[in-house]
Amino acid sequence: EISLGLVGSEMCIRDRYKNVDFYVEKGIYKYTYGETSDFNSIRKMRRTIAKDFKDAFIIAFKDGKKVKY
């Protein structure tokens with residue numbers, strides 16, 4: 001599963017996008033948007049969302065845990 005990591009407050013993110021999820025890393029809530037196994041699709045999604053969240057980045061999960069891709 002590949003998602004986009006978003007930097008910002010939950011309220012700001014949820015105001016603009018639906019289907020926002022989150023995970024907790026070292027006690028910090030980190031928000032994600034989008035989910036696919038196709039890297040090209042997530043790259044395209046990142047370009048679109050970067051208009052509102054310039055610091056959006058791609059992250060990967062396997063079995064619910066963040067992994068390097």
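Val24 sits in strand S2, residues 20-25. Strands here are DSSP runs of E with at least two residues, and helices are runs of H or I with at least four, numbered from the N terminus. This is a predicted model, in which local features need pLDDT of at least 70, side-chain atom pairs count only at pLDDT 80 or more, and totals for chains, interfaces and linings use all residues. Residues are numbered from 1 along each chain as its sequence is written, and side-chain values use heavy atoms, without hydrogens and water.

**Confidence**

The protein chain has a mean pLDDT of 84, with 90% of its residues at 70 or more. pLDDT is the predictor's confidence in each residue, from 0 to 100.

**Surface patch and core**

Val24 is partly exposed because its relative accessibility is 47%. The class lies between buried (under 20% relative accessible area) and exposed (over 50%), using a 1.4 Å probe and protein chains only. Together with Phe22 and Tyr29, Val24 makes a nonpolar surface patch of about 300 Å². Patch residues have over 30% relative accessible area and no salt bridge; nonpolar side chains (Val, Leu, Ile, Met, Phe, Trp, Tyr) are joined within 5 Å, like charges within 9 Å. Areas come from the Shrake-Rupley method with a 1.4 Å probe, and for residues only the protein chains shown count as cover.

In soluble globular proteins, nonpolar side chains tend to be buried together. The largest nonpolar core here has eleven residues, including Leu4, Leu6, Ile42, Ile49 and Phe53. Strand S1 (2-6) and helix H2 (39-49) each supply at least two residues of this core. Such a core is a set of buried Ala, Val, Leu, Ile, Met, Phe, Trp, Tyr and Cys residues joined through side-chain atoms within 4.5 Å.

**Salt bridges**

The whole structure holds three salt bridges. Each needs a side-chain nitrogen of Lys or Arg within 4 Å of a carboxyl oxygen of Asp or Glu.

| Arg16 | Asp52 | 4.0 Å |

Lys66 lies in strand S5 (residues 65-67) and Glu25 in strand S2, so their bridge ties together parts 41 residues apart in sequence. Shared partners join Glu25, Lys30 and Lys66 into one network. Its members are partly exposed: Glu25 at 23% relative accessible area, Lys30 at 26% and Lys66 at 38%.

The side chains of Asp52 and Arg16 also meet in a salt bridge. That pair links distant parts of the chain, 36 residues apart: Arg16 is in helix H1 (residues 10-16), and Asp52 is in the loop between H2 and strand S4 (57-62). Arg16 is partly exposed at 47%, as is Asp52 at 37%.

**Hairpin and positive phi**

S4 and S5 run antiparallel, joined by three bridges. Strands pair if DSSP finds at least two bridges between them. Ala60 has Val67 in S5 as its bridge partner. The two strands form a hairpin with two residues between them, and Asp63 in the turn has a positive phi of about 55°. Asp63 counts as exposed, at 74% relative accessibility.

Most residues other than glycine have a negative phi. Lys26 is not a glycine, yet its phi is positive, about 55°. Lys26 is in the loop between S2 and strand S3 (28-36). With a relative accessible area of 81%, Lys26 is exposed.
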